[in-house]
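Reader: Could you walk me through reading a structure like this one? I would like the general idea behind each feature, then the case at hand.

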Number of protein chains: 2
Amino acid sequence: MKTAPKSLKLLILSGIRRSLLDLGSATKVELSDKLGISFPTISKFLSQMEKDGEILSSGLDESSGGRRAKRYTYNPDYMLGLAIFLEKTETNYAIFNCAGEVKEQGTIQSVLTDSGMHLLTSSIEALLMANQAIRSLSIGVPGSVKNGRIFYMPGYEQFQDFDIKGYFENLFSIPVVVENDMNAAVLGYHHSKEIKNHQSLVYLYSGQNGPGAGFMINGDVVRGNTFFAGEVSFVPQYDDRNFREALENGTSHKEVLISRDNQVDAISRLVASITAIINPHTFIFCKDEVEGTLIEKIAAASSKYIPPEHLPVLAISDWKQDYLYGLQSLGLALMLDSPEKFIRK
Amino acid sequence: MKTAPKSLKLLILSGIRRSLLDLGSATKVELSDKLGISFPTISKFLSQMEKDGEILSSGLDESSGGRRAKRYTYNPDYMLGLAIFLEKTETNYAIFNCAGEVKEQGTIQSVLTDSGMHLLTSSIEALLMANQAIRSLSIGVPGSVKNGRIFYMPGYEQFQDFDIKGYFENLFSIPVVVENDMNAAVLGYHHSKEIKNHQSLVYLYSGQNGPGAGFMINGDVVRGNTFFAGEVSFVPQYDDRNFREALENGTSHKEVLISRDNQVDAISRLVASITAIINPHTFIFCKDEVEGTLIEKIAAASSKYIPPEHLPVLAISDWKQDYLYGLQSLGLALMLDSPEKFIRK
DNA sequence: TAAACTTATTAAAGGCCTTTAATAAGTTTA
DNA sequence: TAAACTTATTAAAGGCCTTTAATAAGTTTA
């Protein structure tokens, strides 16, 4: 129930930023109407932002019968974000601007090692020095995260309980967000596809440690009481097999592509279970795991279990791309709302 | 992204109300600290509220080394709420105050009939006339509700698409909330047990139309894309049976109490599925459907499917009572935040 | 083409909350 | 028991956003 009336100024600022980025461009009247903030206030903020180079004037509108209005756009390069993807075999990074354009991309060796933190720190430092406009840091990790702290990352126990967010915020005076890879991907899909009204999503993938899923319900990522949400391997599906066993049944080695009929039935049962429980709007598969023709088979098989009108849209998407989008949108949110303490002169 | 800076006054008012009810009583300094609102502002609001009879002075605190502070309490009878439960065979109502105490309770004949709306309207009117302090109306219905409008209520098609909220708000100039019975119950459990941190809940019940469940995830009730969320009957559980079929298997007539071993396995599989998907904190059964000893059997059976440390707390609760609590807390929220337009002089 | 009319922008006045200073009302200590 | 000290409350001054009035800069019409 805690509210912070102090931050009215920041609220207005982030409202203006978001609106300009959303709309592409706007006049003072348009911003005032959209945000419900008076014209003089908008005017005051815009003139300061123009002085700072945060917004640009893009000329005058055609007259609508009276004085022509000035039109403004957001300068997408005013602030940049740095996204870092920690993976087993390598570490990728991307520097992006407020319009979501990637300005620079690269790979360094994996930091998920014993002395990895030092390498990660020095790499970030170098990137920050070379790009003074960077104002946010988003880090994706293959593990559970709670308030920026690694909660559980199987295989990398040395990171257990490490407060990545706090560490880097202190070190670099820059807002930091840390998120699980799957949650970032479902978030990225949500933003990039411009899902409206907080429609619920499920993102299914086959990880090295068996299948898992990311959930977004009512606009929030679902983590679960013990961060076990999405461990759909364990869903009991047949008399004597759970989802994971049903998927693997009969195959000794792991195939990437899903194709056999018993696998189709297992997946359609999972779709049915999830539909009967949370009734999501869209169910997303990874494009390197599921082929287009398979989608129809899964849809047909699912409707044996659930009235078809309640089944979700089955979609195929690019997991890596969605992961990047997710870290971008988390970083963007930090930049647009960044509290004063982090603003560098 | 829409914010309403106009309502700062209402924000302060509802903050003060909630704090006084939460804490039982408070001084001006305590309120100012808790709400982050300056002392003079708190002081201004409190003196007006005391004039109105909305708060009461409960004397002076012991001195903590200086001038003794005045202590205030909320007058719980300043506003009352009316909760109405529409059921197949009868209609129950309860009038409650801001402390959640039921002041009056009663039953009228069912209004889920062809001419039921007139009866409901005249009954509410009579109750409002007799109790001028009523400032909110909460209506529970056995069907899907979307923004106060009946979306789907099997068996009562005459109510399809009827905007109950809009109708009564117009008619009586009083804020109205309409909610599905199961959602209200899970909400009521959430509030009455003072579940913290938005821990997720599942409420399982055996309705006349087969079993169903209510979900609360991250503090929000889950409705689903086509309002199908919670229709756990359809969860595929065995080679050739879904949850409903597994529960009924072998019984021709319906028993209220759950007891047989195959039923225990079906329920534990449902607990396992839901845990692997959303990993809730608590799983609630109805006390007239499940006996205490059965809980342990279910817990033991579930841990065959899921590592026990991730299993939810299994709880037994009184559905009717939780339903009432749910409608009460919905009504209370309306009263505490009620917009000016509804305030009667 | 100048008067009438629109619409955008700037300036002035007002409202409301916060910060700071002054006062009130206690308790503790020499 | 009066001076010193605490804490609550009230009063005054200041900041910030909104509302309203005035001005600027166009277009349309007679």
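Reader: How many disulfides does a search of the whole structure find over all chains?

Author: A disulfide is a covalent bond between the sulfur atoms of two cysteines. The test used here asks for a pair of cysteine sulfur atoms within 2.5 Å. Over all chains, the search finds zero. Before we go on, note that this is a predicted model, where local features need pLDDT of at least 70, side-chain atom pairs count only at pLDDT 80 or more, and totals for chains, interfaces and linings use all residues. Residues are numbered from 1 along each chain as its sequence is written, and side-chain values use heavy atoms, with hydrogens and water left out.

Reader: Is Cys286(A) buried or exposed?

Author: Buried means under 20% relative accessible area, exposed over 50%, and partly exposed in between (1.4 Å probe, protein chains only). Cys286(A) is buried, at a relative accessible area of 2%. Cys98(B) is buried too, at 4%. In chain A, 53% of the 345 residues count as buried.

Reader: What does helix H1 of chain A pack against?

Author: Helices are DSSP runs of H or I with at least four residues, strands are runs of E with at least two, and both are numbered from the N terminus. H1(A) covers residues 8-23, and its buried residues include Ile12(A), Leu13(A) and Ile16(A). The buried residues of H1(A) pack against helices H2, H3 and H10 and strands S1 and S2 of chain A, where contact means heavy atoms within 4.5 Å. Just after H1(A), Gly24(A) takes a positive phi of about 90 degrees.

Definitions and conventions. Chains lettered and ligands numbered in written order. Expected span 1.5 Å × (residues − 1).
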